[in-house]
Amino acid sequence: MPYEGILKEYGHLLDLPAHTLPVALLEGNTPLIPMPRLARELGAAEIFIKYEGLNPTGSFKDRGMTAAISEAVGRGVKTVICASTGNTAASAAAYAARAGLRAVVLIPEGKVAAGKLAGAIAYGAQVIQIEGSFDDALSMVVEITKRTPLALVNSINPYRIEGQKSGAFEICDVLGDAPDWHCLPVGNAGNITAYWAGYQQYAKIKGTRLPQILGVQAAGSAPLVLGHPVEQPETIATAIRIGKPARGEQALEAAEESRGRIIAASDDEILAAQRLLASEGVWVEPASAAGLAGLKAEIEAGKFDPNGKQIVIVCTGHGMKDPGIIADSMPTPKLIPAELGALEKLLGV
Ligand code: F0G
């Protein structure tokens, strides 16, 4: 049977209403890439990257969006709306287009990476910038969906979480069990909530073990580490530039119940982790490198013993989502005449 997406693959394990009408772009089934050099460098037994950038719109959001849009279509919804730091916007726009729905996305002014904005526009969404943060945009879409027939497709929508549980199922199916540790970035806290729910569900029905969860926020946007909302979140990892995570309580529960923790990584640590991943062939957007940034900092600080551990790090979005991060610091490629001699001279061969 050809692969048909996560509702076909795991629909029987997802709590979706009977009226759900599958809308798929063959999301999920993303690679779990072994990283032997990284594992050696950090002193772990095995490290795998769950490379979510290979979803149809370039981020993990497609797992939850197929479920949320499928449910919305089945209920007769005509317009969906979300607040977004970019990836949710692109994903909502794509699945709405696929389903023939109108999509409206609210984004924080000037803080959305080019690849995400371009995607949302390409898929035909109505993109609206607001003079405020993601958190302000989220409050607005929550309010408007209470008053109007517009359907909310942020991860407050429970079907988003149902779809995103599939990431945990795939990891267990490939490894034959859950890993010792599961590291991932935390923004609005939907994904950590979904992974923990997925691992728990598999433990119950398949007898797999439970991983410890390391959630990583960006230091300038770390409400769950600080223990209070952050009014003006800042970070180069714009995807997780969030000061009031909608599922913050559940994220803290996931960390505690799994005997894990939520920590913060600095922008410099995040960018260094992005470079480290790329040096082994995996290019991700900055927020996606936060899981590794946090893990590496914990190991270097002696707070995490990697010895003998099998670790999965979720890289949530593709590097091409945020080309500006690289382009802005990139040296202009050397210009030479179109002559072999010039090339040989430059290469020293
Ligand atoms: N990584 C990336 C690349 C993201 O886009 C996001 C969230 C996260 C991690 C954090 O996931 O919110 O479930 O904790 N992006 C949202 C958006 C907020 O609008 O695209 P989370």
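A cavity is a set of points, on a 1 Å grid over the protein atoms alone, where a 1.4 Å probe fits but cannot get out. The views below come from a predicted model, in which local features need pLDDT of at least 70 and side-chain atom pairs count only at pLDDT 80 or more, while totals for chains, interfaces and linings use all residues. Residues are numbered from 1 along each chain as its sequence is written, and side-chain values use heavy atoms, with hydrogens and water left out.

View 1. The space taken by the ligand is the largest cavity, where a molecule sits in a cavity if more than half of its atoms lie within 2 Å of its grid points. The ligand is surrounded by 20 residues, the closest being Ser84, Thr88, Asn188, Ala189 and Thr316; a residue is near if one of its heavy atoms lies within 4 Å. Helices α4 (87–99) and α9 (190–206) each supply at least two residues of this shell, a helix being a DSSP run of H or I with at least four residues and a strand a run of E with at least two.

View 2. A polar contact is a pair of N or O atoms within 3.5 Å. Oxygen atoms of the ligand lie 2.8 Å from a polar backbone atom of Thr85 and 2.7 Å from a polar backbone atom of Asn188, and a nitrogen atom of the ligand is 2.6 Å from a polar side-chain atom of Thr316.

**View 3. The open sheet.** Four strands form an open sheet in the order β5-β4-β3-β6, with parallel pairing; two strands pair if DSSP finds at least two bridges between them. β5 (126–130) and β6 (151–152) stand at the edges with a single partner strand each, so one side of each is left without a neighbour in the sheet.

Methods. Polar contact = N/O pair within 3.5 Å; in protein donor to acceptor, adjacent residues only side chain to side chain. 1 Å grid on protein atoms, 1.4 Å probe; cavity = no way out; pocket = protein on both sides within 12 Å on 5 of 7 lines; lining within 4 Å.
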